[in-house]
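Welcome! Take a moment to look through the sequence and the 3D view before reading on.

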Amino acid sequence: MRSIRVARALLLLASISALTHNPLSAQSPPVLAPVSTNRGQVNLSFPPYPSAAYTILSGTNLNAPLTPNTNFFPAPYNLATNIQVFGTNSVTNITANYAWRLTNPPPAGFYKLMVTPMDTNALLTAIVLNRLAYGPTPDELERVTAMGPQAYINEQLAPWNITETADSIPAISNIALKFPEAITPILTNNPGTNASIADLRAWHVLRAVNAKRQLLEILLQFLENHFVTQYSKSQMYFDNVGLDSTTETRVAAQFEYLENEKWRNALLNPACTFYDLLKISAESPAMIIYLDTILSKGNGSNVANENYARELMELFTMGVNNGYDQTDITTMSRCWAGWSVQAMAVSNAFNPLATPLSGSPNTNGGVWAFNFRTANQNLTIKTNFPNKTVPPRFGAPWAGRNYQYIVQKPASQTDTNGIQQGYQVITNLANLPFTEEFISVKLCRLFVHDNFAIGYDFTATNQTPESQLVLSCMQTWENSNPKGQIWLVLSNIFNSDLFRGNAAAMQKVKTPLEFTVSAIRALRTSTNGTGNPGTFSADTDGYSISGTMSGTSQRTSTPLNRMGGLLLFDRQSPDGYPEDAPGWISGGTLTERVRWVQTLCMTNNDTSKPDGINDTSSVGSNKSVSDPVSLLKYKLPLQNPPGSVTNEANVADYLLSILFPAEGSGNLALYRTATINYLHTADDGVTVSPLSGLSSSALDLRIRGATAMLLGFQRFNEQ
Amino acid sequence: MQHFHILTRRGFLDRSFKIGMGVALATLADIPLVVKRALAEGNIGLNGKKLLFIFLRGANDGLNSVIPIQDSGYAINRPTIGIPADSIDYTQPGPCDFVTTGSNPTFPTTDKAIRLGNGFAALHPSLRFLAPVYNAGDLALMHRVAYPNQNRSHFDSQNYWESGAPNNDLVKDGIFYRAMVQSGLANTNALTGVSIQSALPYSLRGSAAAMTNLTDPTRYNLLGVPNSVQGNFKADNAIRSSDQFPFPDKLDRNLLNLQYKNLTDTLAIFAGIDFSETGNTFVDNAVTDGDAPYYLFPTQNQKNGGAYMNGRTNDSTKYVVDTGAYSLFLNLKAAALILNKTDAIVAGTEFSGFDTHQTQITSSSNRVSGTHANLLRRIGWAMYALRQYFTLYGRGSNAPSSAAKVNWNDVVVVTLSEFGRTSVENGSIGTDHAEAGVMFIGGGGVKGYNKGGPQSGVFGCSTGDSYNGWSLPWVTGTATSGPSTASMFGASGRYLKRAFDYRSVLGKLIRDHLGATQNQLNQIIAGYASESTEHLLNGGTSGVDGVPIFGEPPIV
């Protein structure tokens, strides 16, 4: 259904000045600025409208209908920058207008602008493939367009019904085979053959590229980053314990893998709750080491370590300053003293109350696992949140609830029931309204846009769409039985107006992981339709994105790290990697993004070039490679009408349609002009040199260059 | 008590608008930045003065950095991790002890707390590289620095230090960013504020002008993958002009546009500076141990300490910093080069890893090595090296780098850190989040030991502390139940109580060093516009939380 909005301006009449607008709210249709003529040219200027196509109508007689005038072409723009400083805050409004030009116009004329917003299903298709998945592939774009975006949402909300073919891809299964299951005694099992952190990272990237359960992979990355732990802190801990250097890296990698696997299994339960996910994090040896619980002593006069209790409330459940204070941190920290990681007999790998093995950790044949050390536990009664009540801003049913809860003291320093203290804490935290709010806010930031916050007054009469969505997530959480069912909360978000329109589309910037994976996916199709390895028009081994090296060299040379310090499974700071744009966008990181897409597209067959990490063998082998000509040769003849790889307009239009599906053809006009100019000129950018006159190798280079240029443009950084 | 701030952009814009109307846009509203320089007041960016910041992320343990060695509460409450006192009289006045042992004349070695000569305080032995800077009068050690109603979340508190607006989540731009906007040069000069780290820090973020961040100075080049020169020219040209393609407004498009433009505007500037390893030739002029002079920026084993210089084998005992510090000194070198060779006014980087909850020392029998000692060596050597770099390679030196624009007298180096750590050690041989901490401030224009103002370079760590007519001595003693009169337990009975507001320190530097007018400073740090409440300038009892503070320290 196409809705048509019309704005008009009469030649040489004064115009209405453009209003500044909020990028999140519905926008009025654009108004034509005063029409100007200059040296025999007519300039029509108007501000862009989201996801739109533009048609310019013209005529010389108002008594007759105006008709489409296809002779207008988009021209250099006009920019007005308006900076306002308010006290210490300043705001810039950059008003970017289109200037559409017509040469040799009639002496007088009437012009009308017709703005056609994108079909709502087409827009939602782009949104779901950008948010529920690591970006569209050409095939997924076709599939979701055919099935409808709602069907895709429903499909991804039930991953247990999706057959995951990624597990059988050799590159993935070969790595997975290297991870022994939880109870395998990896200390005695020649850990040198076990997977390393580099393997785990590549496996994670490969799943992001390949998985059919795309939303599940998005959620697993979210959980890894939300319940953040650090590979190298585990590794350093075991180094201090005295493990040999290979084993310590393998044990540390295994912890990160196990977190991922446990969350995956939990999420494959339709009734998975937030408590289930929180419990996996709390019991994870990586977490117990990461936030120093392992060394915490609450016995006697010792002061328990506050680190985990603080971040548990601030970052993992309630949100900063949201319903707790320093006293609560100190009190709660005493509940965790005793949670530890020890070398356990294989038979006791899941029994935290068993006695750890003694002897050298390198030779005692144990498996490193969660263990409760009664000797470190604290023997006081802990009154958490003493007489605290939920503040009025939450409204019903939460406001006024007293959420104090008392954790009883262990009977003695050897009482193994003391382990229950920690479980009582997370049971209580998991469904506090503060937790419901904070986790809902984080999910909304992930899936809708970045400008959600904790602290809304849910009782106010004028609710913003954002506060309304958070509140409805909280209500879904509260009303599900058991409480906190993640899939229901997500369904609530995906069915909200805020998610399904321009308030979500392209409002977020891709993280380095999303940027690299989405670039591979955008150019990736099986060029003979088989879907078999070796036939993809873009591929990666994973390692060339997330890193093959360790130690210092890894920190300076992996693409994800270069784009802003993203080391998968190895975040130092417990707030996780940023979700918002300012955390990722600067001149330095944009340089790396542009260089990486140039590498992906243009360095095939030449490792001597800077960043030339690509393999010289065919597409589908190791490294990150692309073959846009194969993609175009496979897909263009299937378009309606069929296109050709030697037709500049066909190539430009197809690339724009797969790389920027949410933008609208009208707004891509200048990208299209730039692409056609690139394709149609020799290396000097001036001399006309049509694709049809090129050798196959020159055609290949030309199209690779145009593809790299489009991937390097601003809009590909967005989702 | 809970404060909630709603942070939607919509709310922010609405609020900004109302505030703007309220003050009738008294300053430079609506005037494009390009013409603001002509209208701007003050001397930021015109007087040749520059600032180099280092953010110590994770919260540095101030009490184990500048140690209140004469406070009995220190050793009692840090029985495991406390730095041992030497068998000397710490009350003896004079310069910082310059302990010389062995054959090394320049860099003293000791494993005891180093006397600072202000009658009270001592330096962690791993900060011994600060001694020459201190005794030259070029160093101010600021103790008891925090802000009202101290927040103990890393992330909130780092944001507050960097926004210059504690406990105000509505201020979304940074303190150095605002200083650059006030200079009138932002968006006129491609470079004003620069960082060298993984992301642009909060202190340089803002929506009206682009500050610059380099993740790896040696790779700041769009043409990383030449296909052919012309072919790249074509793509490069398109990318360079892509900031001028109009698109409908979205949340991040303004940011992307400004940063793409800043990137293309700054490529040529950075291309003219040699950031490479082979370009790292900067060495000290001091001769140590018979070796050739040490490299100032230790970026690899061969440039760490002196032994390599004579072709001897690697001597790790002579390393000036731990081997994990090389990437930090790569970034620090870039910041120094940028200040020296470009028009950038503020440049900085970050050192992380200061969150020493556990095992901050090697063991109770070896308290002066381990995690925190290594971190302090980085700070000490960074300050020493920057002084030597700007002195030896700056403007007017004997061997200036080509086109050197500044020297040590033009530069102030300042460290920031979100809070201090608990006065009492925890059961894990570490310390938890607390309140007041320490700032290190160096520069040729700094009024430290025996130079101008106070005779000591220690500010806020003695029993005789008195500034601006206020006397707020460090009170010795240990914890009592509830808030104690003792300084180390003066906040909530657990934390070091503040005597300085970090905004007074940064404000003093921005006005009296960088050249802002007081009127500009009121815009850059909003607290200055409320002197009767905040007392950032002249001191008094904070109207925000009732804690008496000194106001500005006389450090420059």
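Predicted model: local features only at pLDDT ≥ 70, side-chain atom pairs only at ≥ 80, totals over all residues.

Let us start with chain A, where the domain assignment gives domain 1 (5–117), domain 2 (292–418) and domain 3 (512–548 + 557–575 + 586–717). Taken over C-alpha atoms, the centres of domain 2 of chain A and domain 3 of chain A are separated by 49 Å.

Now for the backbone. Most peptide bonds are trans, and most residues other than glycine have a negative phi. Where does this model depart from that pattern? In chain A, a cis peptide bond joins Ala396(A) and Pro397(A), with omega about 0°. Pro397(A) sits in the loop between strand S11 (382–384) and strand S12 (405–407) of chain A. Another cis bond links Asn481(A) to Pro482(A), again with omega about 0°. Here the loop holding Pro482(A) runs between helix H15 (465–479) and helix H16 (486–494) of chain A.

Is Ala59(B) buried or exposed? Ala59(B) counts as buried because 24 C-beta neighbours lie inside 10 Å, and the cut-off for buried is 20 or more. Ser492(B) has 16 other C-beta atoms within 10 Å, so Ser492(B) is partly exposed.

How values were computed:
Residues numbered from 1 in each chain as written. Chains lettered and ligands numbered in written order. Domains from an automatic or database assignment. Helix = DSSP H or I, 4+ residues; strand = E, 2+ residues; numbered from the N terminus. Buried ≥ 20, exposed ≤ 12 C-beta atoms within 10 Å, placed from the backbone.
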